[in-house]
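Work through the exercises below with the sequence and the model open. Each task is followed by a solution in steps.

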Amino acid sequence: MKKKINYFERFSNWATAATGSSAAFIIAASTIVIWAVTGPVFHYSETWQLIINTGTTIITFLMVFLIQKAQNKDSKAIHLKLNELLASHEGTSNRMVNIEDLSEEELDHLYKFYIRLSELAQKESDLTKTHSIDAARVNQQNKSKRYTRNNKNSG
C-alpha cells in the first residue's frame with residue numbers, strides 16, 4: 001500500500017523546523033534592526049510603523065496555527081508512547097491509558113487520589129514499593145481489613 005503524500009503535513013514539518021532555527025531568529029532580529037535603523041530615513045512616519053506592525057501581526061497570526069499543529073502532533077506522539085509503556089508494563093493500571101480524554105473534574109479526582117497514594121507511600125518503610133491504582137486500592141483494602149481485625153481483637 002502506497003503512503004499518501006500530505007503536502008500540508010510536509011510543509012508544516014518543514015516550516016516548523018525552519019522557523020525554530022537559529023537562522024530564522026537571525027533573520028527576524030536583522031529585520032527589526034534594519035527597520036529601526038531606517039526610522040530616521042523615513043522620519044518615523046506612520047507608513048514606516050505600519051510596515052513592521054502589519055508584518056509582525058501576519059507572521060504572529062500564522063505562527064500561532066503552526067505552533068499549535070506542531071504541539072498537537074507532539075502531544076499525540078507522547079501520549080501514544082506513554083500509553084504503550086502503561087499497556088506493556090505488568091504493574092501498571094490499564095485504566096491510565098488515554099486518561100487525557102477524561103474531563104477536568106475526573107482528572108482532578110485522579111490527582112487527589114495520587115496525593116493520597118503519595119501520603120500512604122511516605123508512611124511505608126519500603127521506599128521502592130510502587131502501586132498502580134488497582135494495586136493501591138487492593139493494598140488499601142487489605143490494610144483496612146487488618147486494621148479492623150486488629151481493633152476487634154484488642155477491644
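**Exercise 1. The overall fold**

Along the sequence, the protein follows the pattern α-α-α-α-α. The model is predicted: local features need pLDDT of at least 70 and side-chain atom pairs count only at pLDDT 80 or more, while totals for chains, interfaces and linings use all residues. Residues are numbered from 1 along each chain as its sequence is written, and side-chain values use heavy atoms, with hydrogens and water left out.

Task: State how many helices and strands the protein has, and what share of its residues is buried.

Solution. 
- Step 1. Helices (H or I, at least four residues) and strands (E, at least two) are taken as DSSP runs, numbered from the N terminus. The protein has five helices and zero strands.
- Step 2. Buried means under 20% relative accessible area, exposed over 50%, and partly exposed in between (1.4 Å probe, protein chains only). Of the 155 residues in the protein, 11% are buried.

**Exercise 2. Aromatic pairs**

Task: Describe the geometry of the pairs Tyr-44 with Trp-48 and Phe-113 with Tyr-114.

Solution. 
- Step 1. A pair of aromatic rings is described by the distance of the centres and the angle of the planes. Rings of Phe, Tyr and Trp (its six-membered ring) pair if their centres lie within 6.5 Å; planes under 30 degrees apart count as stacked, over 60 as edge-to-face and the rest as tilted.
- Step 2. The structure holds five aromatic pairs. One of them, Tyr-44 with Trp-48, is edge-to-face, at 5.2 Å centre to centre and 85° between the planes. Tyr-44 counts as partly exposed at 48% relative accessibility, whereas Trp-48 is buried at 9%.
- Step 3. Phe-113 and Tyr-114 also form an edge-to-face pair, with 5.6 Å centre to centre and 85° between the planes. Phe-113 is buried because its relative accessible area is 15%; Tyr-114, at 30%, is partly exposed.
- Step 4. Tyr-44 and Trp-48 belong with Trp-35 to one aromatic cluster.

**Exercise 3. Surface patches**

Task: Which residues form the nonpolar patch, and which form the negative one?

Solution. 
- Step 1. Patches are made of residues with over 30% relative accessible area and no salt bridge: like charges are joined within 9 Å, and nonpolar side chains (Val, Leu, Ile, Met, Phe, Trp, Tyr) within 5 Å. Accessible areas come from the Shrake-Rupley method with a 1.4 Å probe; for residues, only the protein chains shown count as cover. Lys and Arg count as positive and Asp and Glu as negative, while His and the chain ends are not counted. A charge is placed at NZ of Lys, CZ of Arg, CG of Asp or CD of Glu.
- Step 2. The nonpolar patch consists of Ile-58, Phe-61, Leu-62, Val-64 and Phe-65, with about 530 Å² of accessible area together. Phe-65 is in helix H3 (residues 46-88) and counts as exposed at 52% relative accessibility.
- Step 3. The negative patch is formed by Glu-104, Glu-105, Glu-106 and Asp-108. Asp-108 is in helix H4 (residues 104-123) and is partly exposed, with a relative accessible area of 38%.

How values were computed. A salt bridge is a side-chain nitrogen of Lys or Arg within 4 Å of a carboxyl oxygen of Asp or Glu.
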